Amino acid sequence: MVELNRARAEAALAGLWADGCRFLGTRTAILGGAMSWVSERHLVAAISNAGGFGVIACGAMSPDRLAEEITATRALTDAPFGVNLITMHPDLDHLVRVCLEHEVGHVVLAGGVPAGATIKALRDGGVRTMGFAPALALGKRLVRLGIEALIIEGSEAGGHVGPVSLNVLAQEILPHLRDVPIFVAGGLARGDAILSYLEMGASGAQLGTLFAASQESIAHDNFKTAFLRANARDAVTSVQLDERFPVIPVRGLTNNGTRRFLAHQAEILRRFQEGEVSREDAQLEIEHFWAGSLRRAVIDGDIENGSVMAGQSVGMVKEVKPVTQIINDLVDEAIQSLMQRKAG
Ligand SMILES: Cc1cc2nc3c(=O)[nH]c(=O)nc-3n(C[C@H](O)[C@H](O)[C@H](O)COP(=O)(O)O)c2cc1C
């Protein structure tokens, strides 16, 4: 009876994320969200080999570095994986060509609304494109531009975030946009939570924080230990001191760096008010504060001064697990939840 229930629950889950699995070409519709410095060949291949969908974070990589990373990832997995490109990258067209030349199956376009020409170039070359929908209208616009799948990422997520939670975005977008598969992201750490979004109409989920703390992640041990110690409330968004000097919200763990950033803004503000720096230079000085800081935390392990980007889900990271176990646990939690209901 239990076996039968499990088989039924597995079939129910398979049905719920069938569109997502079909789109990605995977066994589970779980995406490893691209994380600069973290999502390199080893983690990406581990996620894809475990039945999820790994995504290389191109970040600020040069076209040659990206080509090298794609080739190296392919040497570690036969399973499908994708590449995340930031649309503001100065060499975007060249990066697109690299993806085409290396026959990358899927490209995630992040960091703003991508140009129609970029989407077309990728689609014409047979690449499946994904984009971020921070609101319903933008999601519809992306679909009209030719984007084939969407990610809705709530403000609970790690890294650069929008202002709206996944809870609200899901209600605003999922019932009204049925044309393409939609993947939910931000603050997800359990399969039963993912299941609830699938039942609302999502086709899969994207997770970052959990994978950053996995065994296969190349993040420094200090970075992973910080994740193990942190509670959800420690993962906060960067604070902007003055509305004349916008700060892009980034969610990460509070540390010396986040405290010094406030003092830095206050000092720049004082110099601006006293006429020592122009508005433009003041803005640039604020923006430059975090240059190189993610690398400092992830690679060098300086978790006090670097940027320890993490989602609120960090509070649920209790141990450093292999990627396969992370994915299997998520699937199992979804299935257990379905089985309990069926049993009831
Ligand atoms: C350390 C870190 C770096 C990230 N870097 C990127 C990035 O370069 N590009 C991107 O599109 N998203 C980036 N993200 C967001 C993730 O891809 C993913 O959407 C997010 O982590 C999901 O929320 P979660 O952390 O609560 O699971 C980053 C997240 C983290 C934690």
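Predicted model: local features only at pLDDT ≥ 70, side-chain atom pairs only at ≥ 80, totals over all residues.
Residues are numbered from 1 along each chain, as its sequence is written.

Let me start with strand β11, residues 250–253; helices (H or I, at least four residues) and strands (E, at least two) are DSSP runs, numbered from the N terminus. Two strands pair if DSSP finds at least two bridges between them. β11 pairs with β7, residues 159–160, in the antiparallel sense over two bridges, and there V250 of β11 stands opposite H160. β11 also pairs with β10, residues 235–237, again antiparallel, over three bridges, where G252 in β11 is the bridge partner of V236.

Now to the ligand, which 27 residues surround, the closest being G33, G158, G159, G208 and G311; a residue is near a molecule if its C-beta atom, placed from the backbone, lies within 6 Å of it. β9 (204–207) and α10 (209–212) each supply at least two residues of this shell.

Finally, let us look at E267, which lies in helix α12, residues 256–273. Is E267 buried or exposed? E267 counts as exposed because it has 11 C-beta neighbours inside 10 Å, the cut-offs being 20 or more for buried, 12 or fewer for exposed, and partly exposed in between, with C-beta atoms placed from the backbone. From E267 to I286 there are 19 residues in sequence and 10.0 Å in space, C-alpha to C-alpha.
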